[in-house]
Amino acid sequence: MTKTTLAILAASCLAAPLAQASHPSFDCSKATHEAELLICKDADLAALDRSLAELYATLLKHTPASQQGALKTEQRGWVKGRNDCWKSNDKHGCIKAEYQSRIKELKDR
(Lines give C-alpha, C1' and ligand atoms only; values in the text may rest on other atoms or scores of the structure.)
Protein backbone atom coordinates (compact mmCIF):
# COMPACT_ATOMS: atom_id res chain seq x y z
CA MET A 1 0.00 0.00 0.00
CA THR A 2 1.10 3.51 -0.68
CA LYS A 3 1.43 6.15 2.01
CA THR A 4 -1.61 7.94 0.59
CA THR A 5 -3.72 4.79 0.77
CA LEU A 6 -2.60 4.17 4.36
CA ALA A 7 -3.38 7.77 5.30
CA ILE A 8 -6.88 7.54 3.82
CA LEU A 9 -7.49 4.20 5.55
CA ALA A 10 -6.29 5.56 8.88
CA ALA A 11 -8.44 8.67 8.54
CA SER A 12 -11.54 6.64 7.73
CA CYS A 13 -10.92 4.36 10.72
CA LEU A 14 -10.67 7.38 12.99
CA ALA A 15 -13.71 9.09 11.48
CA ALA A 16 -16.05 6.10 11.80
CA PRO A 17 -16.26 6.16 15.62
CA LEU A 18 -16.66 9.94 15.55
CA ALA A 19 -19.53 9.70 13.08
CA GLN A 20 -21.21 7.02 15.16
CA ALA A 21 -20.68 9.06 18.31
CA SER A 22 -23.00 11.76 17.03
CA HIS A 23 -25.93 9.36 16.53
CA PRO A 24 -28.50 8.57 19.20
CA SER A 25 -29.68 5.07 20.07
CA PHE A 26 -32.66 5.33 17.72
CA ASP A 27 -32.94 5.55 13.94
CA CYS A 28 -32.98 9.24 13.01
CA SER A 29 -34.54 8.46 9.63
CA LYS A 30 -37.66 7.42 11.57
CA ALA A 31 -37.65 10.41 13.93
CA THR A 32 -40.86 12.43 13.72
CA HIS A 33 -41.14 14.29 16.99
CA GLU A 34 -39.46 17.67 17.44
CA ALA A 35 -37.49 16.39 20.45
CA GLU A 36 -36.18 13.40 18.47
CA LEU A 37 -35.20 15.62 15.56
CA LEU A 38 -33.27 17.91 17.89
CA ILE A 39 -31.49 14.93 19.47
CA CYS A 40 -30.50 13.72 16.00
CA LYS A 41 -28.93 17.10 15.22
CA ASP A 42 -27.08 17.56 18.53
CA ALA A 43 -24.07 15.42 19.43
CA ASP A 44 -24.36 16.16 23.17
CA LEU A 45 -28.02 15.11 23.30
CA ALA A 46 -27.27 12.07 21.15
CA ALA A 47 -24.55 11.04 23.61
CA LEU A 48 -26.98 11.39 26.51
CA ASP A 49 -29.51 9.32 24.60
CA ARG A 50 -26.97 6.54 24.03
CA SER A 51 -25.93 6.62 27.69
CA LEU A 52 -29.52 6.35 28.83
CA ALA A 53 -30.27 3.56 26.35
CA GLU A 54 -27.28 1.53 27.56
CA LEU A 55 -28.17 2.07 31.21
CA TYR A 56 -31.83 1.22 30.61
CA ALA A 57 -30.91 -1.97 28.72
CA THR A 58 -28.62 -3.07 31.54
CA LEU A 59 -31.24 -2.32 34.16
CA LEU A 60 -33.93 -4.13 32.17
CA LYS A 61 -31.66 -7.16 31.81
CA HIS A 62 -31.22 -7.33 35.59
CA THR A 63 -34.88 -6.68 36.42
CA PRO A 64 -37.01 -9.72 37.25
CA ALA A 65 -39.32 -10.69 34.38
CA SER A 66 -42.34 -9.97 36.56
CA GLN A 67 -41.26 -6.32 36.91
CA GLN A 68 -39.99 -5.65 33.37
CA GLY A 69 -43.42 -4.59 32.09
CA ALA A 70 -43.62 -1.88 34.74
CA LEU A 71 -40.13 -0.62 33.87
CA LYS A 72 -41.00 -0.50 30.17
CA THR A 73 -44.21 1.41 30.91
CA GLU A 74 -42.25 3.83 33.08
CA GLN A 75 -39.71 4.38 30.29
CA ARG A 76 -42.46 5.06 27.72
CA GLY A 77 -43.90 7.62 30.15
CA TRP A 78 -40.49 9.22 30.49
CA VAL A 79 -40.20 9.48 26.68
CA LYS A 80 -43.55 11.26 26.57
CA GLY A 81 -42.32 13.66 29.25
CA ARG A 82 -39.10 14.27 27.33
CA ASN A 83 -41.11 14.95 24.21
CA ASP A 84 -43.08 17.61 26.09
CA CYS A 85 -39.91 19.71 25.94
CA TRP A 86 -41.19 21.03 22.59
CA LYS A 87 -43.26 23.41 24.75
CA SER A 88 -40.18 24.83 26.47
CA ASN A 89 -38.50 28.09 25.48
CA ASP A 90 -35.18 26.25 25.91
CA LYS A 91 -35.84 22.95 24.18
CA HIS A 92 -32.19 21.87 24.26
CA GLY A 93 -31.85 22.64 27.96
CA CYS A 94 -35.11 20.91 28.77
CA ILE A 95 -34.19 17.74 26.89
CA LYS A 96 -30.73 17.70 28.44
CA ALA A 97 -32.19 18.09 31.94
CA GLU A 98 -34.70 15.30 31.27
CA TYR A 99 -31.92 12.93 30.21
CA GLN A 100 -29.68 13.85 33.13
CA SER A 101 -32.54 13.38 35.59
CA ARG A 102 -33.56 9.99 34.14
CA ILE A 103 -29.96 8.75 34.04
CA LYS A 104 -29.50 9.71 37.70
CA GLU A 105 -32.80 8.06 38.61
CA LEU A 106 -31.86 4.79 36.91
CA LYS A 107 -28.34 4.80 38.37
CA ASP A 108 -29.77 5.22 41.86
CA ARG A 109 -31.73 1.95 41.58
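Reader: Before we start, what should I know about the numbering and the model?
Author: Residues are numbered from 1 along each chain as its sequence is written, and side-chain values use heavy atoms, with hydrogens and water left out. Since you're looking at a predicted model, local features need pLDDT of at least 70, side-chain atom pairs count only at pLDDT 80 or more, and totals for chains, interfaces and linings use all residues.

Reader: What share of the contacts joins residues 24 or more positions apart?
Author: Contact means heavy atoms within 4.5 Å. Of the contacts with a separation of 6 or more, 59% are between residues 24 or more positions apart.

Reader: How do I read a pair of packed helices?
Author: Two packed helices are described by the angle between their axes and the distance between the axes. The axes are lines fitted to C-alpha atoms, for helices over the stretch in contact, and angles run from 0 to 180 degrees between N-to-C directions. Under 35 degrees counts as roughly parallel, over 145 as roughly antiparallel, 65 to 115 as roughly perpendicular, and the rest as oblique.
Take helix α4 (residues 65-83) and helix α5 (residues 91-107): their angle is about 160° and their axes are 10 Å apart. That makes α4 roughly antiparallel to α5.

Reader: Which way do α4 and α5 cross, and which residues make the contact?
Author: A crossing is left-handed if the near helix is turned anticlockwise from the far one by less than a right angle, and right-handed if clockwise. α4 passes α5 in a right-handed crossing. On the α4 side, the contact uses Leu 71, Glu 74, Gln 75, Trp 78, Gly 81 and Arg 82; on the α5 side, Ile 95, Glu 98, Tyr 99, Arg 102, Glu 105 and Leu 106.
For classes, Ala, Val, Leu, Ile, Met, Phe, Trp, Tyr, Cys and Pro count as nonpolar, Asp, Glu, Lys and Arg as charged, and the others, Gly among them, as polar. The α4 and α5 contact has five nonpolar, two polar and five charged residues.

Reader: What about α3 against α4?
Author: Helix α3 (residues 43-61) packs on α4 at about 165°, with axes 11 Å apart. The two are therefore roughly antiparallel, and α3 passes α4 in a right-handed crossing. From α3 come Asp 49, Leu 52, Tyr 56, Leu 59 and Leu 60, while α4 brings residues including Leu 71, Gln 75, Trp 78 and Arg 82. That contact divides into six nonpolar, two polar and three charged residues.

Reader: And at what angle do α2 and α3 cross?
Author: Roughly 105°, with the axes coming within 5 Å. α2 and α3 are therefore roughly perpendicular to each other. Leu 38, Ile 39 and Lys 41 in α2 meet Ala 43, Leu 45, Ala 46 and Asp 49 in α3. Five of these count as nonpolar, none as polar and two as charged.

Reader: Let's zoom in. Is Ile 95 buried or exposed?
Author: Ile 95 sits in helix α5 and is buried, with a relative accessible area of 1%. Leaving aside neighbours within four places in sequence, Ile 95 is in contact with Ala 35, Leu 38, Ile 39, Leu 45, Arg 82 and Cys 85.

Reader: And Ala 35, what does that residue touch?
Author: Ala 35, in helix α2 (residues 34-41), touches Arg 82, Asn 83 and Ile 95, not counting residues up to four places away in sequence. At 3% relative accessibility, Ala 35 counts as buried. C-alpha to C-alpha, Ala 35 and Lys 91 are 7.7 Å apart in space and 56 residues apart in sequence.

Note on methods. Helices (H or I, at least four residues) and strands (E, at least two) are DSSP runs, numbered from the N terminus. Buried means under 20% relative accessible area, exposed over 50%, partly exposed in between (1.4 Å probe, protein chains only).
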